[in-house]
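Please read the following note alongside the sequence and the model.

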Amino acid sequence: MNSPFDVLGIDADADDEEIVAAYRQRVKEAHPDVGGSAREFQRVKAAYERIQAGYGTEEFEEKQVKVEEVRTPDYPQVEYLNYQILDDYGWEIDDQNLFRKAAAAGLDSEDYGQFRVEPQESLLEAAENRGFDWPFACRGGACANCAVAVVAGETEMFSNHVLSSEMTDRGFRLSCICEPATDDMQVVYNVKHLPGLDELRLPPQQFGQASSDD
């Protein structure tokens with residue numbers, strides 16, 4: 001048996017920031033959507049929850065969970081790409097082969113990959129629950145910090161009071177208040193600096209848990 005700290009690959013005296021960073025890295029590696037296994041994903045989650053509950057220094061006996069019981073069902077699948085990568089490769093967001101190029105470029109999982117969105121998860125929550133750090137500020141649809149460009153597929157967005165009809169017609173959505181409406185989607189995230197969206201951003205420091213918006 002290993003301690004939860006061993007499962008996350010950190011020392012028992014790690015601080016909260018180190019614990020969160022290690023969890024995000026390990027859950028990205030272990031999640032079935034990105035090439036890991038359901039069993040290892042459950043093991044990483046259990047270790048993190050154990051540490052958060054204050055029992056991290058004790059050894060714990062892992063639950064013997066059948067893979068079939070934790071395998072991700074056929075929820076909507078999102079293929080994502082970081083907008084910052086486009087400049088590095090000279091790609092255009094309206095290129096019909098954009099995601100094909102991204103898939104062949106050997107990008108880091110933070111910048112390109114796929115994940116499934118479970119019921120009641122927004123796009124932003126789904127990304128965060130799989131260890132990714134997408135930009136946001138208000139988490140309530142009141143700014144454009146979390147905006148994404150939907151390249152393929154459809155979403156259902158609730159209570160939009162920020163994006164103009166022109167922006168939504170161009171495929172922009174707020175990831176904090178939208179959910180997939182099709183089985184497959186392609187989205188470019190981190191588009192907050194694009195013209196029209198930039199002026200709708202809010203300083204993330206206004207919100208205690210806001211992600212860095214640099």
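1. Basis of the note. This is a predicted model, in which local features need pLDDT of at least 70 and side-chain atom pairs count only at pLDDT 80 or more, while totals for chains, interfaces and linings use all residues. Residues are numbered from 1 along each chain as its sequence is written, and side-chain values use heavy atoms, with hydrogens and water left out.

2. The chain as a whole. The protein chain has 8 helices and 7 strands; these are DSSP runs numbered from the N terminus, with helices being H or I of at least four residues and strands being E of at least two. Of its 214 residues, 45% count as buried (under 20% relative accessible area; exposed is over 50% and partly exposed in between, with a 1.4 Å probe and protein chains only).

3. Contacts along the sequence. Among contacts in the protein chain (heavy atoms within 4.5 Å) between residues at least 6 apart in sequence, 65% join residues at least 24 apart.

4. Strand β7 and its partners. Which strand runs parallel to β7 (residues 184-189)? Strand β1 (residues 77-82) does, and 6 bridges join the two; strands pair if DSSP finds at least two bridges between them. Within this pairing, Tyr-80 has Val-187 of β7 as its bridge partner. Strand β3 (residues 147-152) runs antiparallel to β7, with 4 bridges between them. Here Val-148 is partnered by Tyr-189 of β7.

5. Salt bridges. The count comes to 5 salt bridges, each being a side-chain nitrogen of Lys or Arg within 4 Å of a carboxyl oxygen of Asp or Glu. One of them links Lys-101 with Asp-95, whose closest N and O atoms are 2.5 Å apart. Lys-101 counts as partly exposed because its relative accessibility is 35%, and Asp-95 is likewise partly exposed, at 21%.

6. For Arg-130 and Glu-121, the corresponding distance is 3.2 Å. Is each residue buried or partly exposed? Arg-130 is buried at 4% relative accessibility, Glu-121 is buried at 9%, and Glu-118 is partly exposed at 35%.
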